[in-house]
Amino acid sequence: MNTKTDSERRKLYIALSYCSFLKGSERLLLARTLDTLQALTVSSIDTLSRMIRRTLRTRSYKPEQLPQAVEKAEALMKYCRINMTFYDDSDFPPLLREIPDAPFLLYYRGVLPQADTPAVAIVGTRRPTGNGIKAALQLGTECGHAGIPVISGLARGIDTFAHRGSLEGGGLTTAVLACGLDRLYPQSNARLAGRILETGGCILSEYAPGEPPFAYRFPQRNRIISGLARATVVVEAPAKSGALITADFALEQGRDVCVYAGLQDSVQNTGCKKLAEDGAIPVEHAGDLLREWANPTLQYLQRDGQIQLPLFEKGAR
C-alpha cells in the first residue's frame with residue numbers, strides 16, 4: 001500500500017471514529033467497504049444504513065463537517081504525540097479482537113500492552129474507604145513486583161491507587177479513557193498520567209481527539225478495560241458502582257471475575273458482596289492471581305505452604 005493510500009485510509013478511520021451513532025462492528029465494516037474520507041462524506045445516512053443493514057436514525061451525522069474534524073484531529077495527534085492502531089493492524093491488542101462490539105480503532109500514547117503478557121484490571125468505586133485505598137495500592141504494588149501489568153481507568157478512587165501501586169512496584173500500567181487523548185480526565189491525575197508514560201506504560205481511548213468525557217462513554221470504555229485483561233478484580237464497590245459494569249463485561253468476555261477478599265465488611269462494598277455470592281473468585285494478593293492462571297513461565301516462592309510473589313526466569317518478564 002503506498003503512502004498516499006495510507007494517508008487516505010487514515011483520514012477515513014479518524015472520520016469514522018467521530019460517527020458515535022455507529023457500533024464498533026459497523027465502523028469496521030464501513031472502514032473495509034469504503035476507500036477514502038471522500039467516499040464517506042458523499043454517503044447519505046440512508047446509504048450507510050444499507051451498507052450496515054440497520055436503519056439509522058440520527059441527527060448527529062454531518063458528513064460535510066468531517067474533513068475539518070479530521071484535519072483538527074490530525075493536528076492534535078501531532079501536537080500531543082497520539083498514535084493510532086486499526087483493528088486489522090498487527091499491533092492492535094489481540095484480546096480486544098475477541099470481545100463483543102470490539103473497538104475498530106484505538107488512539108494511544110506510550111507503548112501498547114504486550115500481547116504475550118497477561119494483565120489484570122483493577123477497578124472500584126471513586127469514593128473508597130481508607131481500607132479500600134490501602135487494598136488497591138497493595139494489590140497494584142504486588143502486581144508491579146510480579147510483572148503483571150495493571151489495567152484501569154485513571155478515575156479518582158480505586159483506579160488511581162491501582163495505577164499508583166503498579167508504578168511503585170516497578171510495573172507497567174495502562175489507563176483507558178472515556179474521552180480524546182488531547183485531554184485528561186480527571187485533570188487532577190495529569191501527573192499520574194505523565195508517570196505512566198514515563199515508565200513505559202500506555203494511555204489509550206477509542207474516542208477521537210477533541211471528544212469530551214460524556215457520562216455515557218464511561219460504561220462503554222469499561223468493556224475495553226476488562227477486554228485488555230485476563231482477569232478483572234473489583235476491590236471495593238457499592239451496589240450501583242460502574243466497576244460492576246466492568247465485571248459484567250468481563251463475564252461476557254469469558255474472563256475471570258474476582259473480588260478483593262479482605263473488604264467484605266466495608267460499607268462501600270455491597271456490590272462486591274453480591275459478586276462473591278454469585279461466584280466471583282476471591283483474591284487478596286498477586287500470588288492468588290498467579291495461582292489461578294498457573295503460569296508455567298514463573299517460578300514460585302513457597303512460604304508456609306502459600307504461594308508468594310514469583311521469581312522470574314531470565315527473560316521471562
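The radius of gyration used here is taken over C-alpha atoms, and the rule for a globule is 2.2 Å times the number of residues to the power 0.38. For the 317 residues of this protein chain, that rule puts a compact globule near 20 Å, and the chain has 20 Å, so the two agree. The model is predicted. The points below go from the whole chain to one residue, Ser226 in helix α10.

**Fold and dimensions**
- The protein chain contains 13 helices and 11 strands.
- Along the principal axes, its C-alpha atoms fill a box of roughly 70 × 45 × 35 Å.
- Counting contacts between residues at least 6 apart in sequence, 69% join residues at least 24 apart.

**Burial, surface and charge**
- Buried residues make up 51% of the 317 in the protein chain.
- The protein chain exposes about 15,200 Å², and 49% of that area is supplied by carbon and sulfur atoms.
- There are 38 positive and 33 negative side chains in the protein chain.
- The centres of these two sets of charges lie 6 Å apart.

**Ser226**
- Ser226 is part of helix α10, which covers residues 217-227.
- Its relative accessibility is 0%, and buried means under 20%, so Ser226 counts as buried.
- Leaving aside residues up to four places away in sequence, Ser226 touches Thr232, Thr246, Phe249, Ala250, Gln253 and Arg255.
- With Gln253, one of these residues, Ser226 makes a polar contact from side chain to side chain at 2.9 Å.

Definitions and conventions
Residues are numbered from 1 along each chain as its sequence is written. This is a predicted model: local features need pLDDT of at least 70, side-chain atom pairs count only at pLDDT 80 or more; totals for chains, interfaces and linings use all residues. Side-chain values use heavy atoms; hydrogens and water are left out. Helices (H or I, at least four residues) and strands (E, at least two) are DSSP runs, numbered from the N terminus. Buried means under 20% relative accessible area, exposed over 50%, partly exposed in between (1.4 Å probe, protein chains only). Contact means heavy atoms within 4.5 Å. Accessible areas come from the Shrake-Rupley method with a 1.4 Å probe; for residues, only the protein chains shown count as cover. Lys and Arg count as positive and Asp and Glu as negative; His and the chain ends are not counted. The place of a charge is taken as NZ of Lys, CZ of Arg, CG of Asp or CD of Glu. A polar contact is a pair of N or O atoms within 3.5 Å; within protein, one must be able to donate a hydrogen and the other to accept it, and residues adjacent in sequence count only if both atoms are side-chain atoms.
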